[in-house]
Amino acid sequence: MSQKLNRFLRPAALCAGLSFCLMAPLPAVAQMFDAESFTLENGMEVVVLPRHLAPVVYQVVVYKVGAADGEPGKNGIAHFLEHLMFKATEKMAAGQFSQDVDRLGGTDNAFTNQDMTAYHQEIAAEHLPLIMAAEADRMVNLRLDDSVVLPERDVILNERGQTVESDPGSRLVEAMTAAIYQNHPYGLPIIGWRHEMEGYTTEDALRFYRRWYAPNNAILVVAGDVTPAQVKALAEKNFGPLQARTLPARARLQEPPAEAPRRLALASPEVEHPSIWRRYLAPSYRTAAESDRTAPYALSLLSEILGGGAVGRLYRRLVIDESLALSAGASFNGDPRDYGSFTFYASPRDPADLGKAEAALDAEIALLLKDGISEAELAEARNRLLMEAAKARDSLNGPALLVAEALASGETMADIQAWPDRIKAVTVEDVMRAARAVLREENSVTATLTPPLPEATEATP
């Protein structure tokens with residue numbers, strides 16, 4: 001599975017140690033991307049991002065269904081179907097799609113998250129008709145039986161063993177996620193629980209496929225050396241004839257008010273160096289529209305102020321000034337459809353100082369809530385984020401994935417294009433209001449990852 005892009009913003013890597021990032025003038029970004037969008041008669045959304053730097057295209061087809069939409073007891077079925085989508089259809093043999101793309105010098109992959117499932121290819125522009133026809137084919141013509149499904153079930157069980165069960169960091173993340181979501185299906189793992197995965201059937205996969213995979217539940221994004229007219233003609237030819245379906249409601253339970261902080265500890269012999277993590281529930285870009293529209297943009301800026309690499313507050317205090325930690329930072333994820341999250345982390349230089357690292361995180365959070373941030377900090381953080389947003393337009397796959405994921409999570413093209421203006425409009429008061437609403441002790445899960453404690457030995461009589 002490929003890695004998904006998370007809202008443009010990883011400027012810390014770009015700006016770490018570069019003082020000019022703090023001084024450069026704000027880029028004039030009128031809108032994020034050059035884009036044209038339209039909807040087919042069957043309800044399929046299409047977005048075109050022309051980029052004529054090379055004769056290459058990047059295509060993404062995203063379905064507005066993910067792990068959080070699985071039936072009770074089948075939460076990982078979306079990821080399982082992602083694997084099965086590379087099997088045979090009426091027109092293609094199993095694996096033929098990927099083989100054709102590879103033979104023509106392209107790449108293809110797919111990924112699933114809680115809210116969506118995406119299939120993407122990068123290939124020479126002349127082969128766009130081939131990959132679009134293949135995606136339209138497997139949208140409705142997938143052919144599955146036990147001879148195909150049951151061996152692939154073994155594949156995903158092995159994947160869980162390798163990526164989760166053998167990795168203490170992944171096990172801790174899974175436990176934190178289950179702890180912070182007390183009611184919402186985001187608390188269930190995307191890949192699924194092993195005991196449920198072992199019971200997946202062919203009918204489970206087909207039922208999920210027939211419910212959710214339809215043109216009126218899909219978004220097509222094409223970026224690269226194409227024109228909107230070319231994409232529209234191909235989309236109408238390949239996807240236009242497919243029939244819309246009646247879609248089920250996306251039943252999502254809400255979280256109850258948080259009443260108490262939660263705490264986890266995982267000790268494993270596979271851990272060489274301890275770390276501490278703290279996560280808070282936060283509004284997402286979509287849900288914030290119903291309460292405080294500025295909140296996710298304010299939290300993006302706050303994460304940059306606190307966790308912006310070598311210039312972030314946490315790194316400066318814990319790593320540089322106090323030499324207490326090897327790493328420290330903060331991040332905000334506002335992309336999910338229902339709930340976002342704000343996360344702090346630190347790894348002490350001396351394994352015995354894990355408690356001191358947690359105390360330093362606590363002190364920095366308390367200082368933030370007491371004294372706030374300065375206008376200068378906000379301006380510098382805003383500048384770094386806008387610079388990274390301007391650079392994001394030069395990528396081919398980055399904007400395509402970002403647009404696809406944002407639309408699948410319930411945002412609009414207007415929301416995406418307005419991101420720079422909304423970042424510019426955030427005030428110090430907006431940041432502090434969001435910080436005080438989110439950084440509440442009862443709204444948190446704290447987790448530690450450590451090597452095993454030395455076994456106690458009995459005293460010699």
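Predicted model: local features only at pLDDT ≥ 70, side-chain atom pairs only at ≥ 80, totals over all residues.
Biologist: What area is buried between domain 1 and domain 2?
Modeller: The domain assignment gives domain 1 as residues 5-238 and domain 2 as residues 262-458, and the centres of domain 1 and domain 2, taken over C-alpha atoms, are separated by 25 Å. Their contact takes 60 residues from domain 1 and 67 residues from domain 2. Carbon and sulfur atoms give 69% of the area buried between the two domains, and that area is about 5700 Å².

Biologist: How is helix H11 oriented relative to helix H14, roughly parallel or roughly perpendicular?
Modeller: Helix H11 (residues 295-307) and helix H14 (residues 375-392) pack with their axes 9 Å apart and at an angle of about 105 degrees. Because angles of 65 to 115 degrees count as roughly perpendicular, the orientation of H11 to H14 is roughly perpendicular.

Biologist: How many charged residues does the contact of H11 with H14 have?
Modeller: From H11, the residues Ser300, Leu301, Glu304 and Ile305 meet Glu377, Leu378, Ala381, Arg382, Arg384 and Leu385 of H14. Sorted by class, this contact has 5 nonpolar residues and 1 polar residue, and the number of charged residues is 4.

Biologist: How many residues apart in sequence are the parts that the pair Asp69 and Arg250 ties together?
Modeller: The structure holds 34 salt bridges, and one of them joins the side chains of Asp69 and Arg250 at 2.9 Å, N to O. Asp69 lies in the loop between strand S3 (56-63) and helix H3 (77-84), whereas Arg250 lies in the loop between helix H10 (228-238) and strand S7 (262-267), so the separation in sequence of the parts tied together is 181 residues.

Biologist: Which residue meets Asp394 in a salt bridge?
Modeller: Side chains of opposite charge can pair when their charged atoms come close. For Asp394 the N to O distance is 2.8 Å, and the partner is Arg51.

Methods
Residues numbered from 1 in each chain as written. Heavy atoms only, no water. Axes fitted to C-alpha atoms, helices over the stretch in contact; angles between N-to-C directions. Helix = DSSP H or I, 4+ residues; strand = E, 2+ residues; numbered from the N terminus. Parallel < 35°, antiparallel > 145°, perpendicular 65-115°, else oblique. Contact = heavy atoms within 4.5 Å. Nonpolar A, V, L, I, M, F, W, Y, C, P; charged D, E, K, R; others polar. Domains from an automatic or database assignment. Buried area = accessible area lost by both parts, 1.4 Å probe. Salt bridge = Lys/Arg side-chain N within 4 Å of Asp/Glu carboxyl O.
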